[in-house]
Amino acid sequence: MSDLQRLLGYREPIFNASMAGAAGGALAAAVSQAGGVGMIGSPAAPKTEWIEQQVQHVASLSTPWGVGFMAWALEADLYPLEAFLDFGPSLVTLSFGDVSRAAALAHEAGVLTAMQVGNAADLERAMADDIDIIIARGGEGGGHGRNEAGTLPLLQLATAQQQKPVIAAGGIGTARGVAAVLAAGASAAWVGTRFLAASEATGHKNVKDAIQQAGLDDTTYTRAFDVAQQLPWAPEFGGRALRNEFSDTHADLSTWAPDEQLRLEMQEARAEARTSMAPVYAGEAVQFIDSVQSAAEVMAELAGFRKVLADAASRFA
Ligand SMILES: Cc1cc2nc3c(=O)[nH]c(=O)nc-3n(C[C@H](O)[C@H](O)[C@H](O)COP(=O)(O)O)c2cc1C
């Protein structure tokens, strides 16, 4: 048993990634009940009603659950974190921004903190920050983050420090992937994309259909969707999404100026889940999704890592 497993009390070393728009309370509860750590992904400015609805799924669980935030959004307003802390999460993740105030607040409430890091400088900062757990996230991963280091080199650097527990993220979509990161010293796997088409994940049918049809070569790393929507993401955090007509024709941002008409068009495309224009954030592990499954089925598949590790051990004994 790893130190992190002892600390958090999970059975399976698998966390669903906190994904705004996809990982609500229903997915987190299903993952937690299947033995992993279920994470709710908070949007930048959630309403109280939304928070209460998500928490209803997890608050009475005897298994661990947590909630993840975009740190840049908490810099402006700590309310979403304060509201979630009232319901007793086991873990809070703070990624993509200054974490000092938010981490202090979580620790005052006795809650562990984690942060996604995407390069060596991030890792160094996270070692100095008030952060308990490092999530080493490679550029293969879906959604926002850096596109600098791959999961494996970053993970090897992070596990070598041997001071804070490390969770691996980015491109993990099968039992083999989980086995690989555990063998490289991770305490657990942080899995986002593989859960996107789970029946408990929130997301329009068009989005889940596109996810099932896409493969390894169909993702792109881009800021085009954020620029079009005029979202306040820092430029170093683009996002990995499925390539579509919009990302193909708007690869070059150097000539872009804010355009209200385009912002409205993108808003409409998102509302209608028109996947030729709207972003479908997903990482390279989209290759491993070809049907809608329950989160429990995905967890059972990923938990096959034990057999993969045993097979590897006997092959190289
Ligand atoms: C649809 C989607 C939404 C995401 N939203 C968030 C988020 O709100 N906060 C966050 O910290 N990370 C978010 N991420 C990134 C994940 O936490 C994680 O880094 C990524 O999913 C791991 O790689 P994988 O997708 O290959 O499993 C999101 C990822 C996806 C695919």
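How do the residues of the shell around the ligand divide into nonpolar, polar and charged?

## Ligand shell

The shell divides into 9 nonpolar, 10 polar and 1 charged residues. This model is predicted, and local features need pLDDT of at least 70, side-chain atom pairs pLDDT 80 or more, while totals for chains, interfaces and linings use all residues. Residues are numbered from 1 along each chain, and side-chain values use heavy atoms, without hydrogens and water.

In the shell, 20 residues surround the ligand (a heavy atom within 4 Å). The closest are Q116, R137, G171, G192 and T193.

The protein covers 95% of the 600 Å² of accessible area that the ligand has on its own (Shrake-Rupley method, 1.4 Å probe).

## Helix packing

Helix α2 (residues 25-33) packs with helix α3 (residues 48-58), their axes 8 Å apart and at about 15 degrees (helices are DSSP runs of H or I, at least four residues; axes are lines fitted to C-alpha atoms over the stretch in contact). The two helices are therefore roughly parallel (angles under 35 degrees).

Key:
Nonpolar A, V, L, I, M, F, W, Y, C, P; charged D, E, K, R; others polar. Axes fitted to C-alpha atoms, helices over the stretch in contact; angles between N-to-C directions. Parallel < 35°, antiparallel > 145°, perpendicular 65-115°, else oblique.
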